[in-house]
Amino acid sequence: MDNLRPKKGGGSLLVVDDDLPARQTLDALLTGEGYEVRCAPNGRMGLMFAGEDPPELILLDIRLPDMDGFEVCQHLKEDPRTVSIPVIFLSGLDEVVDKVKGFAVGGVDYITKPFQSEELLARVETHLTLRRLQEQTGAQNVQLQEEIARSKRAEEALRQAHDKLEERVKER
């Protein structure tokens, strides 16, 4: 399980927040923990960055100047390149309706500002680990499906060889 835990430089994150001090704080905190961090000041740039070089996880503010974070998340979940990226909403909005809407559009978590650094880091690590486990499980599933297909082909070849041998025995 240790190989699934984020290591220094082992996790790529995208922070989408229009507040410069918030971006700088998140960048310093996450970079200090060894994550590779890119920052976008608005939704359109966030979508562009995510599509060009998909991160492993996105921290997304809701109040953005060009489109709200819910709309950004919807676009991410509609794009095959970004559909599987976990999105953690990070917002000053603390209403239950906002949290529910965040989950409804595809977010995996919701952290209210101001946040505790330890909590944010724990949630980032948790969602990165979950994503890596899902990817590992998917790869193992593909491998198992290939093994099943090979086994079925081998079984069919054996059955055909058996049938041919049985025909030869009957002919004698």
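F89 is buried in this predicted model, and Y110 is buried as well, where buried stands for under 20% relative accessible area, exposed for over 50% and partly exposed for what falls in between (1.4 Å probe, protein chains only). Burial also applies to F70. Residues are numbered from 1 along each chain as its sequence is written. Because the model is predicted, local features need pLDDT of at least 70 and side-chain atom pairs count only at pLDDT 80 or more, while totals for chains, interfaces and linings use all residues; side-chain values use heavy atoms, with hydrogens and water left out.

Rings of Phe, Tyr and Trp (its six-membered ring) are taken to pair if their centres lie within 6.5 Å, with planes under 30 degrees apart called stacked, over 60 edge-to-face and the rest tilted. This rule gives 2 aromatic pairs. In the pair of F70 and F89, which is tilted, the centres are 5.5 Å apart and the planes make an angle of 55°. Since F70 belongs to helix 3 (residues 69-78) and F89 to strand 4 (residues 87-91), the pair ties together parts 19 residues apart in sequence. Helices (H or I, at least four residues) and strands (E, at least two) are DSSP runs, numbered from the N terminus.

F89 also forms a tilted pair with Y110, at 6.3 Å centre to centre and 40° between the planes. Here F89 in strand 4 meets Y110 in strand 5 (residues 109-112), so the pair ties together parts 21 residues apart in sequence. Together, F70, F89 and Y110 make up one aromatic cluster.

V100 sits in helix 4 (residues 96-104) and counts as exposed, at 51% relative accessibility.
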